[in-house]
Amino acid sequence: MYFRVTIKLTMDVFLLIAGFLMVILGILGSFLPVLPGPLTGWLGLLMLNFTSVIPINYGFLGITFSIAILIWTLDYIIPAIGTKHFGGSKYGVYGTTIGLFIGLFSPIPFGVLIGAFLGAFIGELLFDSKDTNRAIKASFGSFIGILASATIKFSVAFVYFVLFSIKFWEYKGRFL
């Protein structure tokens, strides 16, 4: 009996610590292109709900997972929307998307920002090589889109951190 309680408590503490690390990585993932911020933060919420201390709330997990997937999807769409909003053509939007993916895997710092900016710029120059002002304006829209996307990801990841903290605080006496 004592052995089973000790293993259960040890597993709960492991899940608690791993979940905490995941929500912290979720916040960092809002700015690092390698980690999907809100999805990583959601994994922290999932781990917390898998402890024997906290009852699993499938509705809560479903809603937070849906939001994380939506934000993850929008992360690739928002920069293209920014490009289009600032007067970019389809070529600029395609260039932004291609630049995002190339920048995601490039070893240079801020590769995603540079890739999206240059992708939009090159795409617009392919569309109309004489109108560099429009190409620069569309590239700036891509940059604004990436900043907006990072802000949204950070906000959601931070909310997941707060939700994790509230849920832990509510049941903290049972972990000891």
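The following dialogue discusses how to read selected features of a predicted model.

Student: What conventions apply to this model?

Tutor: The model is predicted, with local features requiring pLDDT of at least 70 and side-chain atom pairs counting only at pLDDT 80 or more, whereas totals for chains, interfaces and linings use all residues. Residues are numbered from 1 along each chain as its sequence is written, and side-chain values use heavy atoms, with hydrogens and water left out.

Student: How many aromatic pairs does a search of the whole structure find?

Tutor: A pair of aromatic rings is described by the distance of the centres and the angle of the planes. Rings of Phe, Tyr and Trp (its six-membered ring) pair if their centres lie within 6.5 Å; planes under 30 degrees apart count as stacked, over 60 as edge-to-face and the rest as tilted. The search finds 9 aromatic pairs. Among them, Trp72 and Tyr76 are edge-to-face, because their planes stand at 90° with the ring centres 6.2 Å apart.

Student: Where do Trp72 and Tyr76 lie?

Tutor: Both belong to helix α3 (residues 58–85), 4 residues apart, about one turn of the helix. Helices are DSSP runs (H or I, at least four residues), numbered from the N terminus. An α-helix has 3.6 residues a turn, so residues three or four places apart point the same way. Trp72 is partly exposed at 40% relative accessibility, and Tyr76 is partly exposed at 28%; buried means under 20% relative accessible area, exposed over 50%, and partly exposed in between (1.4 Å probe, protein chains only).

Student: Which aromatic pair does Tyr76 form with Phe101, stacked or edge-to-face?

Tutor: Tyr76 and Phe101 are stacked, at 5.4 Å centre to centre with 10° between the planes. This pair links distant parts of the chain, since Tyr76 is in helix α3 and Phe101 in helix α4, 25 residues apart. Phe101 is partly exposed, with a relative accessible area of 38%. Elsewhere, Phe20, Phe154, Phe158, Phe161 and Phe164 form one aromatic cluster.

Student: How many salt bridges does the structure hold?

Tutor: A salt bridge is a side-chain nitrogen of Lys or Arg within 4 Å of a carboxyl oxygen of Asp or Glu. The structure holds 2 salt bridges. In one of them, the side chains of Lys153 and Asp75 meet at 3.4 Å, N to O. That pair links distant parts of the chain, with Lys153 in helix α6 and Asp75 in helix α3, 78 residues apart. Both Lys153 and Asp75 are buried.

Student: Which residue forms a salt bridge with Glu124?

Tutor: Glu124 is joined to Arg134, the closest N and O atoms being 3.2 Å apart. Because Glu124 lies in helix α5 and Arg134 in helix α6, the pair ties together parts 10 residues apart in sequence. Glu124 counts as buried at 2% relative accessibility, whereas Arg134 is partly exposed at 26%.

Student: Why is helix α2 described as largely enclosed by the rest of the structure?

Tutor: The description holds because 11 of the 13 residues of α2 are buried. Trp42, Leu45 and Asn49 are among these buried residues.

Key: Helices (H or I, at least four residues) and strands (E, at least two) are DSSP runs, numbered from the N terminus.
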